[in-house]
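Please load the model in a viewer and keep the selection panel at hand.

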Amino acid sequence: MKPGNIKWLYLVVLALVWGSSFILIKLGLVGLSPYQLGSLRIIFAALFLLLIGFRTLPKIPLYKWKYIAVTALFGTFIPAYLFSVAQTEIDSSVSSILNSLTPLNTLVLGFLLFGIPFQRRQLMGVIIGLLGSALLILNGAMHHPEQNYYYAILVVVASICYATNVNLIKKYLSDLNPLTISTGNFLVLLFPAFGILLFTDFFDVVAAADVRTSVIYILVLGVVGTGLANILFFKLIQISSPIFATSVTYLIPVVAFFWGLLDNEMLTPVQFFGALIILGGVYLSARK
């Protein structure tokens, strides 16, 4: 396959995998608490990556471990728990749509922290995307009073974390192999995630049938949706650009929306319009 086409293949595969992650989180929350889910997701991904990538760790220069730790924090650790907590109150499809703010945040942070040029058209895209987000959240809160839409803010914060991670990887870790970055990230996260799991009642309730079923869903999420997907994503960042890599969030809501339909989730017409506004803002800010 031509090098220019490989990045599109990565983009589609990541959209399918990450678009399915939101329904896996929802299914995992049936038997697990948000902190159990976030910890298990990290632990499963870490064990998988250490199994296949442990030998690559010596390739990380000593002075780059600080960047490995910071990208692990922003790229995985904080978002893993934020998404788990958020989806205790909001639908998986709404969570995926708000996640599409990541390219906008990548653009803003790239300008503010990394000196990437910023155009007036891109600023308009950011404003439009934020207006769409406000419409999506406010209308959802109006039509779903049983849900606490303040939790949607957690997804927005997670998208800012992802944007920070993308810019850091592009600036400081582009010379490292994607498997090396991923393995280093999860080696750093394995022990704090296990520590958090110990402070929950997971080992007291793990024998329950619904807990074991949820653990299987999170095993898939950790190995495929986090471990393998991180390797592909870091490779995509290296062979393209931060904005192109985060444009996977155009496609993620489409996949998540269809999963949500199968699980009886429905957006109101106004929420659907808000989602289109968000994606329009992302497109306006990202196009050349």
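**The largest cavity**

Select α3 to begin: this helix gives the most to the lining of the largest cavity, with 6 residues. The model is a predicted one, in which local features need pLDDT of at least 70, side-chain atom pairs count only at pLDDT 80 or more, and totals for chains, interfaces and linings use all residues. Residues are numbered from 1 along each chain as its sequence is written, and side-chain values use heavy atoms, with hydrogens and water left out.

Helices (H or I, at least four residues) and strands (E, at least two) are DSSP runs, numbered from the N terminus. A cavity is a set of points, on a 1 Å grid over the protein atoms alone, where a 1.4 Å probe fits but cannot get out; a pocket is an open set with protein on both sides within 12 Å along at least five of seven lines; lining residues have an atom within 4 Å of a point.

How many cavities of 30 Å³ or more are there? The count by this rule is 1. The largest cavity holds about 360 Å³ of space, a volume being the space filled by probe spheres set on the points, with grid points joined across faces, edges and corners.

Next, select W18, R41, G75, N99 and Y162, which lie nearest the cavity centre among its 26 lining residues. Then colour α1 (3–28), α3 (65–86), α7 and α10, each of which supplies at least two residues of this lining. By class, the lining of the largest cavity comprises 12 nonpolar, 13 polar and 1 charged residues. Here Ala, Val, Leu, Ile, Met, Phe, Trp, Tyr, Cys and Pro count as nonpolar, Asp, Glu, Lys and Arg as charged, and the others, Gly among them, as polar.

**The second largest pocket**

Move to α12 (252–262) and α13 (269–286), each supplying at least two lining residues of the second largest pocket. Its volume is about 160 Å³. Select I97, P253, V254, F257, F258, L267, F272, A275, L276 and L279 to display the lining. Which classes occur there? The lining has 10 nonpolar, no polar and no charged residues.

**α4 against α12**

Axes are lines fitted to C-alpha atoms, for helices over the stretch in contact, and angles run from 0 to 180 degrees between N-to-C directions. In contact (heavy atoms within 4.5 Å) are S93, S96, I97 and N99 of α4 with I252, P253, A256 and F257 of α12.

**α7 and its neighbours**

Finally, select α7 (residues 152–172) and α10 (residues 209–239), whose axes come within 10 Å and cross at roughly 60 degrees. α7 and α10 are therefore oblique to each other. Zoom in on N165, V166, I169 and K170 of α7, which meet F233, F234, I237 and Q238 of α10. This contact divides into 5 nonpolar, 2 polar and 1 charged residues.

The α5 side of the contact includes T102, N105 and L109, and the α7 side includes V156, Y162 and V166.

Definitions and conventions:
Angles under 35 degrees count as roughly parallel, over 145 as roughly antiparallel, 65 to 115 as roughly perpendicular and the rest as oblique.
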